[in-house]
Amino acid sequence: MNENIQPLNPIAFSLGPIEVHWYGIIIGSGLALALFLAIREGNRRGLPKDIFADLMLWAIPIAIISARIYYVIFEWKYYVNHPAEIPQIWNGGIAIHGALIGSVITALVFAKKRGISFWKIVDIAAPSIILGQAIGRWGNFMNQEAHGGEVTRSFLENLHLPDFIINQMYINGAYYHPTFLYESVWDFAGFILLILLRRVNLRRGELFLSYVIWYSVGRYYIEGLRTDSLMLGSMRMAQMISLALIVGAAAILLYRRQKKLADAHYLDQANL
């Protein structure tokens, strides 16, 4: 039976010589939905209507570039011999931590230039970011990448997964952990949590820091199952960065409270 399993076609359609990949469509859809939700919430929180549209004009390309650079750096042994493949992100190979680094730096500079609170911007964007990540992981699914170690078909069936997911996890004669799915579910749960935390009216910055902690906890454990981790010696980079982000975000949260740097709250309309 296994010999007849065929992977889903990663190419959605072709326009002459141009092949449009599902990976790009899914990532783009996640970004579009994230932007829509951020703009809507930004309007509700009193930000100028063009803030997030203008920010994304810079943040999206910078995030994609930084995500690819991050990935290529840690896979340099391969790309030094295949330089023509460096820009081919449609074949996979971008690192979310690289994207986050680029996005946060961009938001810091943008907020300073516009005279708007960085923390207010990232608080509003946090649920959108993690929802975009939840959707984007399905691009990995279409490319049969970002999976975990080998498992049996019965293991996957016991998770009550639909056949199209189980069959897509059949790669080169073996079944693998659908870690893309684990992270997508974790991220979607994080999206729900952040939406609920908005109603709690946390202090400014704490919604974003909650996102950082939530995502990093899940990423740390899920990364331990993956077979394609970017490595620094014998250590998984994503796990190292996740631990650093958990500790760093918690420390920043406590420091800002102790120093009374977080007196404004999420639902406050004033003090842009």
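Modeller: Helices (H or I, at least four residues) and strands (E, at least two) are taken as DSSP runs and numbered from the N terminus. Residues are numbered from 1 along each chain as its sequence is written, and the model is a predicted one, in which local features need pLDDT of at least 70 and side-chain atom pairs count only at pLDDT 80 or more. Totals for chains, interfaces and linings use all residues, while side-chain values rest on heavy atoms, with hydrogens and water left out.

A nonpolar core is a set of buried Ala, Val, Leu, Ile, Met, Phe, Trp, Tyr and Cys residues joined through side-chain atoms within 4.5 Å; buried means under 20% relative accessible area, exposed over 50%, and partly exposed in between (1.4 Å probe, protein chains only). The largest such core has 32 residues, of which Phe 52, Ile 121, Leu 194, Phe 208 and Tyr 211 touch the most other members. Two or more residues of this core come from each of α1 (22–44), α2 (51–74), α4 (96–114), α5 (118–143), α8 (179–200) and α9 (206–223). Helix α5 supplies the largest share, eight residues. If residues up to four places away in sequence are not counted, Phe 208 is in contact (heavy atoms within 4.5 Å) with Val 104, Trp 119, Val 122, Asp 123 and Ala 126.

Leu 100 belongs to helix α4 and, with a relative accessible area of 18%, is buried. Beyond its neighbours within four places in sequence, Leu 100 is in contact with Ile 129 and Tyr 211. Ala 126, one of the residues touched by Phe 208, stands 26 residues from Leu 100 in sequence and 11 Å away in space, C-alpha to C-alpha.

Glu 41 has its place in α1 and counts as buried because its relative accessibility is 4%. With residues up to four places away set aside, Glu 41 touches Ile 124, Arg 198 and Tyr 266.

Which charged pairs tie the helices together? Side chains of opposite charge can pair when their charged atoms come close. A salt bridge here is a side-chain nitrogen of Lys or Arg within 4 Å of a carboxyl oxygen of Asp or Glu, and the count by this rule is twelve. One of them joins Arg 137 to Glu 183, whose closest N and O atoms are 3.1 Å apart. This pair links distant parts of the chain, since Arg 137 is in helix α5 and Glu 183 in helix α8, 46 residues apart. Arg 137 and Glu 183 are both buried. Glu 183 also forms a salt bridge with Arg 219, with 3.9 Å between the closest N and O atoms. Glu 183 lies in α8 and Arg 219 in helix α9, so this pair ties together parts that are 36 residues apart in sequence. Like Glu 183, Arg 219 is buried. Through shared partners, salt bridges join Arg 137, Glu 183, Arg 219, Glu 223, Arg 226 and Asp 228 into one network.

A further salt bridge connects Asp 163 with Arg 153, the closest N and O atoms being 3.7 Å apart. Because Asp 163 lies in helix α7 (residues 163–168) and Arg 153 in helix α6 (residues 153–158), the pair ties together parts ten residues apart in sequence. Asp 163 is partly exposed, at 48% relative accessible area, whereas Arg 153, at 15% relative accessibility, counts as buried.

The loop between α6 and α7 contains His 160. Although His 160 is not a glycine, its phi is positive, at about 60 degrees. His 160 is exposed, with a relative accessible area of 70%. Gln 144, in the loop between α5 and β3 (150–151), likewise shows a positive phi, near 55 degrees, in a residue other than glycine. Most residues other than glycine have a negative phi.
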